[in-house]
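Visitor: I would like to learn how to read side-chain contacts in a protein model. Please take me through them one kind at a time.

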Amino acid sequence: MVNPLMPGATIGIIGGGQLGRMLTMSAKKMGFQVGVLDPAENCPTAQIADWHILADYDDVLALEEMARRSDVVTYEFENVNVEALAAITEQVPVPQGTDLLAITQDRLLEKSFLEANNIVIAPYSTIISPTDIQEAIESIGYPCVLKTTRGGYDGKGQYVLKDMTDLAPSMNLLRSGTCELEAWIPFEKELSVIVAGNGQEFTTFPIVENIHRNNILYQTIAPANILPDVANEIARIAKVIAKAVNLHGVLAIELFLTESGSIYVNELAPRPHNSGHYSIEACNMSQFDAHIRGICGWPLGEVKLLSSAIMVNILGEELEKSYQQIMKQPQWQFHFYGKEEAKAGRKMGHVTITTDDIEKTKKEIDATNVWKIS
């Protein structure tokens with residue numbers, strides 16, 4: 001994009017979930033109009049956007065309508081059809097492009113991209129048939145993880161193999177197509193970082209620690225309690241990746257940190273990320289602000305952490321109990337996404353708590369009994 005977009009222009013968002021909703025809030029704060037394309041009639045983004053195209057994400061005619069009505073188009077999740085998106089890139093700027101989307105939709109392409117940029121990843125093998133698994137295990141060893149190459153989130157599409165007894169049940173994943181088997185990294189901490197770009201400059205958010213329960217993000221702690229050298233290296237890795245894809249908008253990078261201080265990149269997400277929600281209250285610029293700035297060609301500047309914080313997800317089974325905390329916790333920042341149906345394991349909202357004492361705040365969260373350890 002040669003000329004930056006100014007207030008009054010229209011941003012089209014493909015995908016109407018909570019990420020699109022929070023992108024819309026940032027965009028409207030900056031004076032933009034927002035349209036959304038999503039197949040759900042009352043999706044979280046449509047509730048606050050200026051207009052809504054009710055269609056599937058791969059509906060080319062609907063995407064062409066969005067292109068006609070928008071000055072720039074972005075997406076809030078990576079399962080957008082690459083070919084369908086490519087069909088509108090001549091009609092309207094799509095600053096994130098389709099290359100990054102294609103890379104992050106296929107785990108093997110993603111690993112090849114990371115290796116080409118000298119980024120350390122876990123040892124892995126391509127798995128096409130059951131015999132490939134046995135050969136791969138001989139070199140990789142146990143424990144290891146079998147993953148589908150496409151799709152999968154919150155732990156779906158993967159199976160941990162601890163010994164030979166896990167071989168048979170893991171084969172079910174091969175029915176979905178080619179898989180990859182990767183070594184299990186004995187990590188001390190799961191970390192992530194958001195990097196933002198506008199094609200000219202790149203900036204990183206603080207590195208955070210992520211705690212998962214049942215493969216779903218439970219808590220994000222900002223900043224992560226890591227050595228400065230580790231933080232500097234992760235920021236360097238983030239900028240290498242951002243420059244390699246000429247990043248416009250934000251990209252999330254999930255990493256493992258081992259006890260010896262080794263860093264492995266696990267996964268990329270070409271959009272705002274659950275672990276970046278804390279930035280709304282805790283930083284001078286949120287990940288959603290940075291994404292809108294990046295795709296509109298605005299300067300980014302330096303991201304600063306204004307306060308330590310803990311972000312906690314609110315899942316469907318925790319929703320009613322979380323409501324009870326609204327009157328009890330005036331210092332907590334509650335975000336609810338407007339989803340019509342609360343299902344177990346479904347992200348219905350989140351809470352961000354800015355704090356000077358992370359450990360004390362963790363105890364306060366536990367004491368509510370909203371988030372019970374299962």
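**Salt bridges and other contacts**

Guide: Glu267 and Arg107 form a salt bridge, with 3.5 Å between the closest N and O atoms. The model is a predicted one, and this pair is a place to begin.

Visitor: Where in the chain do Glu267 and Arg107 lie?

Guide: Glu267 is in strand β14 (residues 263–269) and Arg107 is in helix α5 (residues 107–116). The two are 160 residues apart, so the bridge is one that links distant parts of the chain.

Visitor: Is Arg107 buried or exposed?

Guide: The general idea is that a residue counts as buried under 20% relative accessible area and as exposed over 50%, with partly exposed in between. Arg107 has 10%, so Arg107 is buried. Glu267 has 22% and is therefore partly exposed.

Visitor: How many salt bridges does the count come to?

Guide: The count comes to 10 salt bridges. Another of them joins Lys29 to Asp289, whose closest N and O atoms are 3.0 Å apart. Here too distant parts of the chain are linked: Lys29 is in helix α1 (residues 18–29), Asp289 is in helix α10 (residues 287–296), and 260 residues separate them.

Visitor: Which residue lies over the face of Tyr218?

Guide: Arg213 does, at 3.7 Å from the ring centre.

Visitor: Now the rings themselves. How many aromatic pairs are there?

Guide: The count comes to eight aromatic pairs. To read a pair, look at the distance between the ring centres and at the angle between the planes; an angle over 60 degrees counts as edge-to-face. Tyr57 and Phe77 have ring centres 4.6 Å apart and planes at 65 degrees, so this pair is edge-to-face.

Visitor: Where are Tyr57 and Phe77 placed?

Guide: Tyr57 is in the loop between β3 (51–54) and α2 (60–69), and Phe77 is in the loop between β4 (72–75) and α3 (82–86). They are 20 residues apart, and the pair links distant parts of the chain. Tyr57 has 22% relative accessibility and so counts as partly exposed, while Phe77, at 17%, is buried.

Visitor: What does a tilted pair look like here?

Guide: Trp332 and Trp371 form one, with 6.2 Å from centre to centre and 45 degrees between the planes. Trp332 lies in the loop between α11 and β16, and Trp371 lies in the segment after α12 (358–367), so the pair ties together parts 39 residues apart in sequence. Trp332 counts as buried because its relative accessibility is 4%. Trp371 also counts as buried, at 4%.

Visitor: Which residues do ring pairs link into a cluster?

Guide: The cluster is made of Tyr323, Trp332, Phe334, Phe336 and Trp371. Tyr323 also belongs to a nonpolar surface patch of about 340 Å², together with Ile326 and Met327.

Visitor: Is Met327 buried or exposed?

Guide: Met327 counts as exposed, because its relative accessibility is 76%. Its place is in the loop between α11 (319–324) and β16 (333–336).

Visitor: What joins the side chains of Thr220 and Asn210?

Guide: A polar contact of 2.9 Å joins them. Thr220 is in strand β12 (residues 216–222). With a relative accessible area of 0%, Thr220 is buried.

Conventions: Residues numbered from 1 in each chain as written. Predicted model: local features only at pLDDT ≥ 70, side-chain atom pairs only at ≥ 80, totals over all residues. Heavy atoms only, no water. Patch = residues over 30% accessible without salt bridge, like charges linked within 9 Å, V, L, I, M, F, W, Y side chains within 5 Å. Areas by Shrake-Rupley, 256 points an atom, 1.4 Å probe, with all protein chains shown as cover. Salt bridge = Lys/Arg side-chain N within 4 Å of Asp/Glu carboxyl O. Helix = DSSP H or I, 4+ residues; strand = E, 2+ residues; numbered from the N terminus. Buried < 20%, exposed > 50% of the residue type's maximum accessible area, 1.4 Å probe, protein only. Phe/Tyr/Trp six-rings, centres within 6.5 Å; stacked < 30°, edge-to-face > 60°. Lys NZ or Arg CZ within 6 Å of the ring centre and 35° of its normal. Polar contact = N/O pair within 3.5 Å; in protein donor to acceptor, adjacent residues only side chain to side chain.
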